[in-house]
Amino acid sequence: MAKIKEVRCIRTRRNGMWTIVKIITDQPGLYGIGSASDVNHPETVIKAVETIAPMLIDRPASHIEDIWQCVHSSGYWRNGSILNTALGGIDMALWDIKGKEAGMPVYQLLGGPCRSAVPCYAHAGGSELPALEDSIRAFMEEGYQVIRCQLGGYGGGGFSEADAAPQPKDPWSVNRHVFDDESYLENIPNMFDYLRQKLGFQVKLTHDVHEHLRPQCAVQLSKLLEPYRLFFLEDVLPPEHIQWFRLIREQCTTPQAMGELFINPHEWMPLITERLIDFVRVRVSKGAGITQCRKIATMCEWHGVHTAWQEGGDNDPVNQIAACHLDMASPSFGIQEENSFSPEELDAFPGHGIIENGYLYANDQPGLGIDIDEQKAKALLNQEEANRPHIFIPDRKADGTAVRP
Ligand SMILES: [Mg+2]
């Protein structure tokens with residue numbers, strides 16, 4: 001039985017936002033990789049992995065559940081973002097090793113495929129409605145059946161030019177724009193009115209609020225969007241206000257997706273068991289890996305909720321393929337968020353997932369089926385850019401109030 005010999009991190013992508021955990025065993029050539037990427041605090045996660053590593057050495061790599069339990073409580077306090085991410089990377093690497101030992105892809109170990117490929121949703125955007133429509137039509141041409149529609153970036157639809165807004169004498173906003181809840185409530189329903197008139201109701205549409213609204217406005221928006229029959233409305237509330245989902249449920253049928261900021265079972269459990277959301281959006285690495293996320297998927301199955309593991313943006317190809325294995329084996333699978341990478345980035349991850357006609361495919365190699373070419377991964381990294389702080393800067397309202405993402 002293979003024993004863990006070494007645990008280390010590989011930092012890559014141009015600005016160092018990707019962290020890949022590599023676990024090497026005492027068996028020749030047998031190792032696994034996992035995603036522990038955190039775009040804002042990569043060094044902190046790496047330090048956490050390095051702190052945990054000594055407790056893993058000489059343990060059987062096959063004892064995934066026991067290792068998960070021990071690492072999870074290794075700091076006594078648990079369910080934090082940093083430790084979860086470190087554990088997520090370790091956990092994926094151990095599943096990768098188990099699959100290689102068994103000679104099977106991970107989705108086979110999870111019970112076998114429930115579908116032949118994984119449908120994904122694409123990200124369409126435009127700061128003007130015709131540009132957004134063009135972007136959606138381009139993804140429809142590519143074969144996507146579900147498309148997220150954004151009027152610009154985070155909070156788009158709720159912004160006005162800072163100079164034109166009624167700001168105080170000493171404005172705090174460092175952005176060119178300021179956010180306003182009521183503008184959002186006006187512009188996003190208008191956006192869907194336009195899109196449904198132009199595109200009809202065949203294409204499945206979603207929208208991501210990025211938690212920008214006051215809770216009462218979140219209830220209003222959910223009601224206002226009901227006639228446009230969204231596939232789901234995403235992150236209409238921040239994690240601190242999830243109890244408002246009950247009010248939304250009582251008032252309208254707009255399907256709700258939530259969870260990319262979740263790290264603690266007490267966030268997703270009540271929403272799933274009380275059927276207050278329709279799609280759970282935990283990021284596999286932030287959910288502490290495959291071991292915990294497969295339990296979330298099972299809980300979803302029992303309660304009629306579906307999975308939509310978070311991808312996109314700063315995620316890496318290893319997290320994407322871990323999500324893909326869960327998707328393949330989960331009866332509660334709903335949809336997978338797409339993610340795209342440059343050719344050079346993909347080149348550093350042989351065996352990466354492939355998206356074709358809106359479907360994501362893993363290969364049938366044992367384990368996760370993905371590897372990292374450490375030379376190429378190193379070449380991607382620009383150390384100067386990686387050394388810069390990558391702290392999330394919130395949008396602000398006209399009076400300076402920070403809008404929590
Ligand atoms: Mg989102």
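Angles under 35 degrees count as roughly parallel, over 145 as roughly antiparallel, 65 to 115 as roughly perpendicular and the rest as oblique. The structure considered here is a predicted model, in which local features need pLDDT of at least 70, side-chain atom pairs count only at pLDDT 80 or more, and totals for chains, interfaces and linings use all residues. Residues are numbered from 1 along each chain as its sequence is written.

**Helix pair α9 and α10**

Helices (H or I, at least four residues) and strands (E, at least two) are DSSP runs, numbered from the N terminus. Helix α9 covers residues 265–273 and helix α10 residues 290–303; their axes come within 9 Å and cross at roughly 20°. Such axes are lines fitted to C-alpha atoms, for helices over the stretch in contact, with angles running from 0 to 180 degrees between N-to-C directions. The two helices are therefore roughly parallel to each other. On the side of α9, the contact is made by Trp 268, Ile 272 and Thr 273, and on the side of α10 by Ile 296, Met 299, Cys 300 and His 303. Contact here requires C-beta atoms, placed from the backbone, to lie within 7 Å.

**Nonpolar core**

A nonpolar core is a set of buried Ala, Val, Leu, Ile, Met, Phe, Trp, Tyr and Cys residues joined through C-beta atoms within 7 Å. A residue is buried if 20 or more other C-beta atoms lie within 10 Å of its own, exposed if 12 or fewer, and partly exposed in between. The largest such core has 106 residues, and those with the most contacts inside it are Val 21, Ile 23, Val 49, Ile 90, Ile 147 and Val 280. Helix α3 (residues 81–102) gives the most to this core, with 9 residues. Leaving aside residues up to four places away in sequence, Val 21 touches several residues, including Val 7, Ile 33, Val 49 and Ile 90.

**Loop residues**

Cys 114 lies in the loop between α4 (106–109) and β4 (118–125). Residues up to four places away in sequence not being counted, Cys 114 touches Met 328, Ala 329, Ser 330, Pro 331 and Phe 333. Cys 114 and Val 7 are 107 residues apart in sequence and 33 Å apart in space, C-alpha to C-alpha.

Two asparagines have positive phi values, as tabulated below.

| Residue | Phi | Loop |
|---|---|---|
| Asn 357 | about 50° | between β14 (354–356) and β15 (359–361) |

Asn 79 is partly exposed, with 14 other C-beta atoms within 10 Å, whereas Asn 357 is exposed, with 11.

How values were computed. Two residues are in contact if their C-beta atoms, placed from the backbone, lie within 7 Å.
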